[in-house]
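Hi,

I am passing on the structure we talked about, and my notes on it follow below. Please have a look at it alongside them.

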Amino acid sequence: MEARKILIVGASGRVGRSLLQQLLATSNPPSIRVSTRNREKATFPSNVEVVQGNLEDTSSYPELFNAVDRAFIYANPRTRLPQLLSAAKDGNVQYIVLLSSMTVEFDPKSDIGKAHVNAENAIKESGIAYTFIRPRNFSSNTCLFWAPIMERTGKLWMTYPRSQTAPVSEDDIAAVALVALTTGKLHNQAVPLCGPISISQQEQVEAINRLRQREGKKPIDLIILPPEEWKAKMMSWRKDDFDPIFADQLIAWWKENEDRPELIQSSERITGRPSQSYEEWLELNKDAFLKD
Ligand SMILES: NC(=O)c1ccc[n+]([C@@H]2O[C@H](COP(=O)([O-])OP(=O)(O)OC[C@H]3O[C@@H](n4cnc5c(N)ncnc54)[C@H](OP(=O)(O)O)[C@@H]3O)[C@@H](O)[C@H]2O)c1
């Protein structure tokens, strides 16, 4: 299948940026349009078309999809899905790769689960061919949620330290999206995805501490708290932006996965290349964990 114009929504984000780089590095790069909510802020290579686009703003939908035949999009709970998909059809979009989530499989009734289920169902019902990439726990969650606490306090509070996941890297998620967009091999499939090695939360912190010690930094002090104390600590730390319902969902998930290795469904089965372990990802993203 020959690619014409491909739209990447979220090309300034972790997965979208990696997908853009991987598409541009192919031997015969397709014509690419990227969208951003803020053209002034985001920078992109000069050989891609940039449009202003917002999944929450219906007026931006026609420009997103005009003359696009395949698209990579995110699941955003405030997207007007009927209008979005109608604009996609008007633009003659043939194929949509959705960055979905494995919550569709293990917790579809949670807020996060519902947002992804709704997006998947709407795309299926539209009749446009699709691939739903369903990652579980991103390796970058430690960069997003742990690194700022570590940097400010030198500590990390945790509950259920023996809870396991196989964290998946943004590059491996993007590599699966690349296969989907450039080969058509994954048409009308859902692709559950995790990393290649199951590891506990505590082992993730130990990996960070090995890195810090190697780079001459003080190790992070890991403080284990009972669930309710952890929740109270996080509520006081994150104040307005920590949702107690989300905290309870996390606690339940960690409890369920204590000492329970994740079933490995890594990107290697799709790409044929080894997937990044958490430690490999950490090495590539080490700067975020070396600040004091
Ligand atoms: N974290 C996890 O463990 C996990 C697990 C499963 C699935 N997921 C999914 O992965 C996604 C996060 O991926 P990521 O780490 O690549 O995200 P990210 O780095 O936060 O990037 C998000 C991108 O989406 C764009 N964006 C945000 N709001 C938008 C809107 N209203 N309209 C259009 N574009 C918008 C942003 O672009 P601009 O700012 O330039 O517009 C940004 O480039 C989540 O949506 C979640 O559904 C996450």
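Predicted model: local features only at pLDDT ≥ 70, side-chain atom pairs only at ≥ 80, totals over all residues.

Residues are numbered from 1 along each chain as its sequence is written, and side-chain values use heavy atoms, with hydrogens and water left out.

On charge, the chain carries 36 positive and 37 negative side chains, with the centres of the two sets 2 Å apart. Lys and Arg count as positive and Asp and Glu as negative, while His and the chain ends are not counted; each charge is placed at NZ of Lys, CZ of Arg, CG of Asp or CD of Glu.

Now the overall fold. There are 12 helices and 11 strands in the chain, taken as DSSP runs numbered from the N terminus (H or I of at least four residues for helices, E of at least two for strands). The chain is as compact as a globular protein of its length, because its radius of gyration of 20 Å is close to the 19 Å that the globule rule gives for 292 residues. That radius is taken over C-alpha atoms, and the rule is 2.2 Å times the number of residues to the power 0.38. The C-alpha trace spans about 55 × 40 × 40 Å along its principal axes. Among contacts (heavy atoms within 4.5 Å), 75% of those with a separation of 6 or more join residues 24 or more positions apart.

As for the interior, 51% of the 292 residues count as buried, meaning under 20% relative accessible area, with exposed over 50% and partly exposed in between (1.4 Å probe, protein chains only). A nonpolar core here is a set of buried Ala, Val, Leu, Ile, Met, Phe, Trp, Tyr and Cys residues joined through side-chain atoms within 4.5 Å. The largest one has 30 residues, and Ile-8, Leu-19, Leu-20, Val-34, Phe-72 and Val-97 touch the most other members. Two or more residues each come from β1 (5-9), α1 (14-24), β2 (31-36), β5 (95-99), β6 (129-135), α7 (170-183) and β9 (189-193). Helix α7 gives the largest share of this core, eight residues. Another core of 29 residues lies apart from it, with Leu-211, Leu-225, Phe-242 and Ala-288 among its members.

Val-34 is worth a click: leaving aside neighbours within four places in sequence, its contacts are Ile-8, Ala-11, Leu-20, Phe-44, Val-48, Glu-49, Val-50 and Val-51. Leu-193, in strand β9, is buried at a relative accessible area of 0%.

Asn-257, in the loop between α10 (244-256) and α11 (268-271), is buried with a relative accessible area of 6%. Not counting residues up to four places away in sequence, Asn-257 touches Arg-136, Arg-162, Ser-163 and Gln-164. Asn-92 sits in the loop between α3 (81-90) and β5; its phi is positive, about 65°, although it is not a glycine, and it is partly exposed at 47% relative accessibility. Asn-188, in the loop between α7 and β9, also has a positive phi, near 55°, and counts as partly exposed at 45%.

Best wishes
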